[in-house]
Amino acid sequence: MRKFKAFIALDCKSNSENIKIVKKLSSLVFGFKVGYSAYYNKHSNKLISEIKKRKSHLFLDLKLHDIPNTVGSAITSLSKINPDYLTVHISGGKNMLDQSLATIKKHKLKTNLLGVTLLTSLDNKDSKLIFSEKKTSLLVKKMASIAANSKINGLICSGQDLNDLKKYKKLIKVTPGVKLYRRKDDQKRVTFVDEALLNGADYVVIGRELINSKDPVKLLEKYYEENKNKNLWSN
Ligand code: C5P
């Protein structure tokens, strides 16, 4: 089985469960996403070492957002970890993005900087209220153009936004909020993993559907058997 173009979100209840997931899945997936709960756990260093030991890709999802100098200092503090991917909010502004890139360069880090376009929890009302932009889709395009101008490496974007972002060919696109399988009770519009990866996402992020499944390895192997001819796997 080739590696799935996916980051597995390590959102288990405990650090030891997260480590178990890494051990089980590192040979099957591109990498792992360490977000707030795993990173702020007092044993996060063990989890990060496990990911690195297995030569899997580490995506540190810290969604940094502060004045440029402070974000730069945060990245300096992360130098030892040297994550493969790190998130910042594009709404922090071009100066913040520039300073982040300059800090990565200064410390010769391998880190790819990914900009969060817009939290999917925000709707058109929030978009108007906070950013004076009537539609989230227009705001996402604006954020993507700021990201492209500042030459960060990529974007975090929803499956619904992938069509609008096709022109940004150089930007890596990572899409969370996707599902492998439809469930009977799926009411609202969801994007599926294969749709996202075939429509411009370079990687997807999958969390609960895998980490809460009884046998994540079996689930991934089943998915591979059903989809091995599609371009969802890296060589
Ligand atoms: O929903 P699921 O458990 O697959 O989410 C996995 C990860 O993707 C979570 O860590 C969450 O932060 C992120 N996510 C997101 N936007 C969404 C849904 C999930 O950023 N709409």
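Me: How far is a polar side-chain atom of K33 from an oxygen atom of the ligand?
Reply: That K33 atom lies 3.0 Å from the ligand oxygen, which falls under a polar contact (a pair of N or O atoms within 3.5 Å). Keep in mind this is a predicted model, where local features need pLDDT of at least 70, side-chain atom pairs count only at pLDDT 80 or more, and totals for chains, interfaces and linings use all residues. Residues are numbered from 1 along each chain as its sequence is written, and side-chain values use heavy atoms, leaving out hydrogens and water.

Me: OK, and what about R208 and D11?
Reply: R208 has a polar side-chain atom 2.8 Å from an oxygen atom of the ligand. For D11, an N or O atom of the side chain is 2.7 Å from a ligand oxygen.

Me: How much of the ligand does the protein bury?
Reply: The protein buries 70% of the 450 Å² that the ligand exposes when taken alone. Those areas come from the Shrake-Rupley method with a 1.4 Å probe.

Me: Which residues are around the ligand?
Reply: Besides D11, K33 and R208, you'll find A9, T120, P176, G177, V205, I206 and G207 there.

Me: Switching topic: what does L25 contact, beyond its neighbours within four places in sequence?
Reply: L25 touches I8, F32, P216, V217 and L220, with contact meaning heavy atoms within 4.5 Å.

Note on methods. A residue is near a molecule or strand if one of its heavy atoms lies within 4 Å of it. A polar contact is a pair of N or O atoms within 3.5 Å; within protein, one must be able to donate a hydrogen and the other to accept it, and residues adjacent in sequence count only if both atoms are side-chain atoms.
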